[in-house]
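Subject: Structure for you to look at

Hi,

Here is the structure I promised to pass on. Please open it next to this email and follow along.

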Amino acid sequence: MESIKRNVADDMANTDRPEGRVLVLYTGGTIGMMRNEQGALVPIANSFVKNLRKYPQLHDREYAEKRFGAMGPLVLPMTATDSRRVVYNVFEYSNLCDSCNMTMDEWIRIANDIKAREYKLSIKI
């Protein structure tokens, strides 16, 4: 644990270390489902990112809070083989649904959202 804290301090001091950016589109499905009152797994709005923040393998809370603030993007922890940090944002759809319930309309919407965000990213860079 001490080495992890030391790595966070080193990363904060070395602000020129590159960061990779990833956009995650969360449409619903098993990975983000929670149990309802009846015990069935269902997608629940805003629970996916909240849960990701709890797992140190999926979110380096200390680094993220120092760099971006408490409600900033998620950040993967560095490992010995990483050359950059991965910073990721999760865009959650307002009507969550499992992939087995998706139609062609949802797939087209996902493709259009990827295209729109790719265009916005290319402008900012």
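Below is what was found in it.

This is a predicted model, where local features need pLDDT of at least 70, side-chain atom pairs count only at pLDDT 80 or more, and totals for chains, interfaces and linings use all residues. Residues are numbered from 1 along each chain as its sequence is written, and side-chain values use heavy atoms, with hydrogens and water left out.

Start with the fold. The chain has four helices and five strands (DSSP runs: H or I of at least four residues for helices, E of at least two for strands, numbered from the N terminus). Their order from the N terminus is α-β-β-β-α-α-β-β-α.

Next, burial. Of the 125 residues, 28% are buried (under 20% relative accessible area; exposed is over 50%, partly exposed in between; 1.4 Å probe, protein chains only).

Now the core. The largest nonpolar core has eight residues: Tyr26, Phe48, Val49, Leu52, Leu74, Tyr88, Val90 and Leu96. Such a core is a set of buried Ala, Val, Leu, Ile, Met, Phe, Trp, Tyr and Cys residues joined through side-chain atoms within 4.5 Å. Helix H2 (47–52) and strand E5 (85–92) each supply at least two of its residues. H2 gives the most, with three.

Last, the cysteines. How many disulfides are there? The count is zero (a disulfide needs two cysteine sulfur atoms within 2.5 Å). The sulfur of Cys100 lies 8.4 Å from the closest cysteine sulfur, in Cys97, so the two are too far apart for a bond. Cys97 is buried, at 18% relative accessible area. Cys100 is exposed, at 62%.

Best wishes
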